[in-house]
Amino acid sequence: MEKILILGLSKSGISSAKLLNSKGYDVYLTEFKSDVDLKSVEELQNIGIHVEYGQHSDKFIEGASLAITSPGIPPKSEIFKKLNGHNIPIISEIELAYENTDVPFIVITGTNGKTTTTALTSHILSEKFDAPYCGNIGVPPTSLVDGEYDFFVCEVSSYQAQMTKSFRPFISCWTNFTPDHIDWHEGLENYFNAKAKLFLGKQAPQYAILNAKDAKLLDFANKCKKSKVFLFDTDECENACYIKDNSIWYKEDGQVEKIIDLAQCPLVGHHNYQNVMCGIISAKLCGMDNEDIKKRIMSFKAPEHRLEKVREMNGITFYNDSKATNPEASIVAIESFNNVDVALILGGRDKNTNLTEMCDSVNKHIKTVLLIGEATERFEKNLKNNGFDNIIKERTLEEAIDKAIDLKPDVILLSPACASFDMFNSYEHRGDVFKQYVLSK
């Protein structure tokens, strides 16, 4: 019986183990952490899967023909070195799913916006097709491969993309590219190349969708020779989706069609209009008609923690953008508001990224900044050096919300530009605390 190794007791690891076990492989799952969910361990062991935790033992590694890795394990880790030493090939769970299904993949990748775009694309397609979302959004595609579906709309992180070898999507969409995950990939160019794998060589999709407003991606479009390329946010090519006269238009082979008025889009900000354009292109390439696309866009609700409208109270609109864990993501949220009084809550665990562009955006769009968390001092210094002085420092998120309400702005925006781990368990936890406190007022 062929032995296959699973790295990590994650959702994707558990799903991969179950899939391979059902196909008759001898499955070994190894988890380095000691603090694990024992129920999951017992469940796997009861169906004949070997599980260890607290180590990656030689016993589990030896004799394996293949390893399936979880996204969080970096290539420079000791377990990767061991596997390479044993000449054991390593692939991602995404690739394992691809090898076990004939369902076409629509891939969404990018530094920011990919979760919203994935959820929106699945929502649009679901008017006509069975097209569940999966991947980095939280649903392992291996958990779906035994079902009958038309498409998988799959959010793919750079971690997952790097560990693919033959995964070839039907459509690949790249929302944007900004510096992130540089330590994991050991360099910015490695980070870019990990995502680029989904567009080049034998993995090149039938259709490639790229952001024309991102200079690096616009240049990269010229390298996608094996795919039919569509650009969004421009009308200067034969295949495109763009904004004109306050509406979104679709163009294929020079033929132009109006899809939806911006006023009918439920999402806020230009970055979200870009997400909508990505969804439109994918839907059109899958054969959907314009009225169905428009109807589904209008009924879409943004995923939690991504410029999520929480409530209106006494003339103030509250937005939860806790997913903005880097300055680039916060810039997108900040620049969604023009000619309104915005109180911005910033701060958390500092990633020590460059703040210049974010400070420029704050100067143009924000009236008041409220700082919390470990990043307070550096953020304050950078904002002041950039000429912005209307800064309030608070100890807790709740105190920042209370102070912001006292200011009576038009908008209170939580978009921290930082990780959450100084005060919260995750960005979801931070966003939930924000929402619960705002809704309690």
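Predicted model: local features only at pLDDT ≥ 70, side-chain atom pairs only at ≥ 80, totals over all residues.
Reader: What is the strand order of the open sheet of five strands, and what kind of pairing does it have?

Author: The order of the five strands is 3-2-1-4-5, and the pairing in this open sheet is parallel.

Reader: What makes strand 3 and strand 5 the edge strands?

Author: Strand 3 (50-53) and strand 5 (90-92) each pair on one side only, and that is what puts them at the edges. From one strand to the next, the twist of this sheet averages 25°.

Reader: How do you know that strand 2 and strand 3 pair?

Author: Two strands count as paired when there are at least two bridges between them, so the number of bridges decides the matter. Strand 2 (residues 26-31) and strand 3 are joined over four bridges in the parallel sense, and they therefore meet the requirement of at least two. One of the places to look is Leu-29, whose bridge partner in strand 3 is Val-51.

Reader: Which helix packs on the sheet and touches strand 1, strand 2 and strand 4?

Author: That is helix 1 (residues 11-22), which touches strand 1 (3-7), strand 2 and strand 4 (66-69), and whose direction makes about 165° with that of strand 2. Helix 4 (residues 78-85) lies across strand 1, strand 4 and strand 5, and runs at about 160° to strand 1.

Reader: What is the order of the open sheet formed by nine strands, and why is its pairing not simply called parallel?

Author: The nine strands follow the order 7-8-6-9-10-11-12-13-14, and the pairing in this open sheet is mixed. In general, strands of a sheet pair through backbone hydrogen bonds, either parallel or antiparallel. The edges are strand 7 (133-135) and strand 14 (255-261), each of which pairs on one side only. Neighbouring strands of this sheet are turned by 25° against each other on average, with direction ignored. Helix 6 (residues 114-125) packs on this sheet, where it touches strand 6 (105-109), strand 7 and strand 8 (152-155), and its direction makes about 175° with that of strand 8.

Reader: How do you know that strand 9 and strand 10 pair?

Author: Four bridges link strand 9 (residues 171-174) to strand 10 (residues 207-211) in the parallel sense, and since at least two are needed, the two strands count as paired. Within this pair, Trp-174 stands opposite Leu-210 in strand 10.

Reader: Which residues have the most contacts inside the largest nonpolar core?

Author: They are Ile-68, Trp-174, Phe-199, Leu-210 and Phe-220, in a core of 46 residues. Helix 1 supplies the largest share of this core, four residues. Leaving aside neighbours within four places in sequence, Phe-220 is in contact with Trp-174, Phe-192, Ala-196, Phe-199, Leu-200 and Leu-210. Another core, of 38 residues, lies apart from the largest one and includes Phe-151, Cys-265, Cys-278 and Met-288. In soluble globular proteins, nonpolar side chains tend to be buried together.

Reader: Is His-305 buried or exposed?

Author: The relative accessibility of His-305 is 3%, and because buried means under 20%, the residue is called buried. His-305 is found in the loop between helix 12 (290-298) and strand 15 (308-313), and has a positive phi of about 70° although it is not a glycine.

Reader: Is Asn-352 buried or exposed?

Author: Asn-352 has a relative accessible area of 59%, and since exposed means over 50%, this residue is called exposed. Asn-352 lies in the loop between strand 17 (342-346) and helix 14 (356-365), and its phi is positive too, at about 60°, although it is not a glycine.

Reader: Why is Thr-325 called buried?

Author: Its relative accessible area is 16%, which falls under the 20% limit, so Thr-325 counts as buried. Thr-325 lies in the loop between strand 16 (316-320) and helix 13 (327-334). Not counting residues up to four places away in sequence, Thr-325 touches Lys-351, Ala-417, Cys-418, Ala-419, Tyr-427 and Arg-430.

Reader: What makes the protein as compact as a globular protein of its length?

Author: The protein has 17 helices and 20 strands. Its radius of gyration is 23 Å, close to the 22 Å that the globule rule gives for 441 residues, so the protein is as compact as a globular protein of that length. Of the 441 residues, 58% count as buried.

Methods. Residues numbered from 1 in each chain as written. Heavy atoms only, no water. Helix = DSSP H or I, 4+ residues; strand = E, 2+ residues; numbered from the N terminus. Axes fitted to C-alpha atoms, helices over the stretch in contact; angles between N-to-C directions. Contact = heavy atoms within 4.5 Å. Buried < 20%, exposed > 50% of the residue type's maximum accessible area, 1.4 Å probe, protein only. Rg over C-alpha atoms; globule rule 2.2 N^0.38 Å. Core = buried A, V, L, I, M, F, W, Y, C linked by side-chain atoms within 4.5 Å.
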